[in-house]
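Let's take a walk through a protein model, stopping at a few spots along the way. Have the sequence and the 3D view ready.

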Amino acid sequence: NEYQFWRIQSPVWVYPLSWTFEAFGVGYAQLRVFSILASVLGLLGAMLIASRRLSGAPLVLVGLLLSVNYYYIAYSRAGLLEPLLNGFLAFTVWFLLLAFSNPLWLIAAELAFVAAFLTKQTALVLFPVFITGSLWTALRSRRNGRSLRSWGVPLATLVALGAALGIYVSTDAYWSTLVSNLGHALFDDVWVSQIEASRLSLTDVFARVSQWDRWRDGVLWLMPVAALPISIELVRIAHRLVTQREIDAWDGLTSAWFLCVLGMLQVTPLTSLRYYIILIVPGALLAGGGLQTVLRRTRASERRWIGAAVVAVVCAALVLTHAQWWIGWARHPSYVIVETNRDIAERIGEADAAIIGAWAAPLAFETPYKTYYVKHRFNTSRETLIALDVTHVLIRHQGDPFDWFSRDDWTFWTLRHLFPDAAARGEPMARYTLWDGTFVDLRAASLPSE
């Protein structure tokens, strides 16, 4: 990690990926295989959790939701951290469920949660569920006559892990990433040096939660079919909690997991669909539970065919809804990344090049050249850019084709501010059209030496 940013906060992701590149070479194939294997961990964890409660069609539905969902699969191949995060969060919940039978499983839950946190700090959203689940197992053990001495090893492990993690988090290098990420998540501001609670306006939070666009473009766009059985299951769990004053571990942990993630996603100003990927595993579990609730209620009546019809409709709607996106891709496949990498390598040749820009890493990932990200806190100082010995720039194009600066590109604003006299005239070496219609120009660049 050339920016020494993700390496500090996400070592569980960065180091295994680095070892993969060292063993098999650097390329998109290697990145996607690693990412897919990480997503399989989430699928496995989800199916293990589901198997403790569900069977038959509801269990199949959980697998379908995770195996045919267009966006989940697309993001699971993209080299993001969320698939691996999903896996560790799923196994945290799985081990918590096992701990209700044997407290020693809490050790595995603790290790899985720490691994999730060291994959991405977003894992903190499950911290209330982790703590509550751990205390719940203790109360259940005490109620069942089990001695609290059996909690000795899990408690000692928790203290040791907490102390080690506390020391690691308290370092200046880590703390700066934590503050920056919290500022990004809460205020969409990466430049904060400290978190000021006064900046978090309840009015703004309520406005976000009540925005229909956020629900439509987030939860409903990601899980359009599953939203209904999820709602059914949440209503059933809430009704049981109100009427019976208790719920079982499976209901409590899965619903709390889903609601904690959903709450975080609705509070943050960030709306990119990829952030919602961590909602799909608990959502799939609740959708399976909702379908099982429908089947159980219909089997108790004389109209058992209603349950079978509901199962058929839900599964068919799930497959067909996502199939339209798969068919759309099959009709108009795009290989922009691969083709652009090859074209850049052919145009620049065997030169010792250094390419900068927000698009430099993906569009030149498989080339032999050095690439440097330019955005936010990454490589945005004059001294750093001069030291990089920049030879080319990949910059988003808008407006005048003879202007190397785009008004909607971080690289543009950085270069214009730091090097106002730097300019590139003439036609670009190449112009690439990305999958969303964005134009990106490859241009030769020459920055001052001091």
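Rings of Phe, Tyr and Trp (its six-membered ring) pair if their centres lie within 6.5 Å; planes under 30 degrees apart count as stacked, over 60 as edge-to-face and the rest as tilted. With that in hand, you can look for Phe5, Trp6, Tyr373 and Phe378, which form one aromatic cluster.

Some housekeeping before going on. This is a predicted model, where local features need pLDDT of at least 70 and side-chain atom pairs count only at pLDDT 80 or more, while totals for chains, interfaces and linings use all residues. Residues are numbered from 1 along each chain as its sequence is written, and side-chain values use heavy atoms, with hydrogens and water left out.

**Aromatic pairs**

How many aromatic pairs does a search of the whole structure find? The search turns up 17. One of them joins tyrosine 15 and tryptophan 19: the ring centres are 6.1 Å apart and the planes sit at 40°, so this pair is tilted. Both residues belong to helix α2 (residues 11-24), 4 residues apart, or about one turn of the helix. Helices here are DSSP runs of H or I with at least four residues, strands are runs of E with at least two, and both are numbered from the N terminus. As a rule, an α-helix has 3.6 residues a turn, so residues three or four places apart point the same way.

Tyrosine 15 is partly exposed at 34%, and tryptophan 19 counts as exposed at 52%.

Phenylalanine 113 and phenylalanine 127 make another tilted pair, 6.0 Å centre to centre with 40° between the planes. Phenylalanine 113 is in helix α7 (residues 105-117) and phenylalanine 127 is in helix α8 (residues 127-143), so the pair ties together parts that are 14 residues apart in sequence.

Here's how accessible a few residues are:

| Residue | Relative accessible area | Class |
|---|---|---|
| Phenylalanine 113 | 7% | buried |
| Phenylalanine 127 | 39% | partly exposed |
| Cysteine 260 | 24% | partly exposed |
| Cysteine 315 | 16% | buried |

**A lysine and a tyrosine**

Is lysine 120 buried or exposed? At 11% relative accessibility, lysine 120 counts as buried. You'll find lysine 120 in the loop between α7 and α8. Not counting residues up to four places away in sequence, lysine 120 touches Ser10, Leu81, Glu82, Leu85, Arg274 and Tyr275; contact means heavy atoms within 4.5 Å.

Next up is tyrosine 168, which sits in helix α9 (residues 152-169). Tyrosine 168 is partly exposed, at 30% relative accessibility. Leaving aside neighbours within four places in sequence, tyrosine 168 is in contact with Arg7, Ile8, Pro11, Leu118 and Tyr174.

**Strands and a helix beside them**

Now find strand β3 (residues 392-396). In β3, 4 of the 5 residues are buried, so the strand is largely enclosed by the rest of the structure. Two strands pair if DSSP finds at least two bridges between them. Strand β1 (residues 354-356) runs parallel to β3, with 2 bridges joining them, and isoleucine 356 has valine 393 in β3 as its bridge partner. Strand β5 (residues 439-444) runs antiparallel to β3, with 5 bridges, and histidine 392 stands opposite alanine 444 in β5.

What do the buried residues of α17 pack against? They pack against α3 (28-51), β1, α18 (360-363), β3, β4 (430-433) and β5. Those buried residues are Val336, Ile337, Thr340, Asn341, Asp343, Ile344 and Ile348. The expected span of a helix is 1.5 Å times one less than its number of residues. For the 13 residues of helix α17 (residues 336-348) that should be 18 Å, and the end C-alpha atoms are 18 Å apart, which agrees. Just after α17, glycine 349 takes a positive phi of about 80°.

Key: Buried < 20%, exposed > 50% of the residue type's maximum accessible area, 1.4 Å probe, protein only.
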